[in-house]
Amino acid sequence: HLQETRRQRDRIDQCFSLMGVESQEETCEAMQGLVKEGQEIIAADGDAEVKDAALIAAAQRVEHYEIAGYGCCRTFAHQLGLHEVEQLLQQTLDEEAHADELLTEIAESSINHMAAHN
């Protein structure tokens, strides 16, 4: 997923370039909060299976936040007629949706069941 994230960052830079705008680094406080929640789960005491289920839920909150952001930007690009930007954002949106689906599959196939019985 790290390699995918790097490619997504490159796509964002490409989007800015296509729009003739220089990209700037910004810190997202909401994302920092979501990451902090995951770190707190890792540090918490408790049953490993329950923590695994909680970590998957935390990771999915990150994915859903990203999906919301990319989806809005893709829609804005469409409305502005920036079709190449729209396509680049759709690629990233598809990747985020796939990551969310994988997390759901992992949770539903085993982790949630094991957590519920501990």
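In the predicted model, α3 and α4 are roughly antiparallel to each other, because the angle between their axes, roughly 160 degrees, exceeds the 145 degrees above which a pair counts as such. The axes of these two helices come within 8 Å, and the crossing of α3 and α4 is left-handed. By residue class, the contact of α3 with α4 comprises 19 nonpolar, nine polar and eight charged residues.

A further helix pair involves α4, this time with α1. The axes of α1 and α4 come within 9 Å and cross at roughly 165 degrees, which makes α1 roughly antiparallel to α4. The crossing of α1 and α4 is left-handed. On the α1 side, the contact is formed by E4, Q8, R11, Q14, C15 and L18, while α4 contributes E84, V85, L88, L89, Q91, T92, E95 and E96. Five nonpolar, four polar and five charged residues make up the contact of α1 with α4.

The packing of α2 against α3 was also examined. The axes of α2 and α3 lie 9 Å apart at an angle of about 170 degrees, and the two helices are therefore roughly antiparallel to each other. From α2, the residues A30, M31, L34, E37, G38, I41 and I42 take part; they meet K51, A54, L55, A58, R61, V62, Y65 and E66 of α3. The contact of α2 with α3 contains 10 nonpolar residues, one polar residue and four charged residues.

At least two residues of the pocket lining are supplied by each of α1 (2-18), α2 (29-43), α3 (48-79) and α4 (83-116). The largest share comes from α3, with 12 residues.

Technical notes:
Residues numbered from 1 in each chain as written. Predicted model: local features only at pLDDT ≥ 70, side-chain atom pairs only at ≥ 80, totals over all residues. Heavy atoms only, no water. Helix = DSSP H or I, 4+ residues; strand = E, 2+ residues; numbered from the N terminus. Axes fitted to C-alpha atoms, helices over the stretch in contact; angles between N-to-C directions. Parallel < 35°, antiparallel > 145°, perpendicular 65-115°, else oblique. Left-handed = near helix turned anticlockwise from the far one by under 90°. Contact = heavy atoms within 4.5 Å. Nonpolar A, V, L, I, M, F, W, Y, C, P; charged D, E, K, R; others polar.
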